[in-house]
Amino acid sequence: MLGTVTAVLAASVLSAAPASASESLWRLTDLAARRVAIADQVAAAKYGTPSPIDDPVREQQIYDSVASRAPGLGLDPADAVRFFRAQIEANKLVQRGLYARWDAHPAEAPTTRPDLGQIRPVIDGLNTGLLTELAATTAVRASRSCPVRQRVAADVADLVHRFDVLHAQALGEATSATCSD
């Protein structure tokens, strides 16, 4: 009952929010949710292989790319990297959670292994979208209303994407660095 009430209120507040990207965090949050969701494929690709969940080389490539592109979008490189660190930590949270689930329930483990070479370009595209939305939402992310707007957007994204507890927790991690300090 409480979840339904929250969902209705969240949808009402989100629909009442101004439609411009600079005043709404929906697109940014939805992209973060899509990045959380793709972690399932990354986990399935790595599970049972020598590929570790932590990939410092790949992570640094993302941080370097974000830091170099941020100034051209009017973003502080350190803030952009902080946001993307949250995205990567959220992805690893899902991977670790799925590994634990699959270890405890082997029948639920993936039977096919996706190709990381096909998944990474999708992640790169999401990263580009996230960086663009970070720039488009600079004003709202710096506003006092940002934490409330972010919570509403995350609640709606959780419902839209039908996340389980693990993925909802990861979305919380992914959006933890949305608002400017």
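Tutor: A salt bridge is a side-chain nitrogen of Lys or Arg within 4 Å of a carboxyl oxygen of Asp or Glu. Please keep in mind that this model is predicted.

Student: How many salt bridges does the structure hold?

Tutor: There are 10 salt bridges in the structure. One of them pairs Glu-133 with Arg-27, with the closest N and O atoms 3.9 Å apart. That pair links distant parts of the chain, since Glu-133 belongs to helix α5 (residues 116-136) and Arg-27 to helix α2 (residues 26-46), 106 residues apart.

Student: Is Glu-133 buried or exposed? And what about Arg-27?

Tutor: Glu-133 has a relative accessible area of 9%, so it counts as buried, because buried means under 20%. Arg-27 is partly exposed, at 43% relative accessibility.

Student: Which residue forms a salt bridge with Glu-59?

Tutor: Lys-92 does, and their closest N and O atoms are 3.3 Å apart. Glu-59 lies in helix α3 (residues 56-69) and Lys-92 in helix α4 (residues 77-104), so this pair ties together parts 33 residues apart in sequence. Both Glu-59 and Lys-92 are buried.

Student: Changing topic, where do Arg-151 and Asp-155 lie?

Tutor: Both are in helix α7 (residues 146-161), four residues apart, which is about one turn of the helix. Asp-155 is buried, with a relative accessible area of 17%.

Student: Which residues do salt bridges with shared partners join into one network?

Tutor: The network is made up of Asp-54, Glu-59, Glu-89, Lys-92 and Arg-96.

Key:
Residues are numbered from 1 along each chain as its sequence is written. This is a predicted model: local features need pLDDT of at least 70, side-chain atom pairs count only at pLDDT 80 or more; totals for chains, interfaces and linings use all residues. Side-chain values use heavy atoms; hydrogens and water are left out. Helices (H or I, at least four residues) and strands (E, at least two) are DSSP runs, numbered from the N terminus. Buried means under 20% relative accessible area, exposed over 50%, partly exposed in between (1.4 Å probe, protein chains only).
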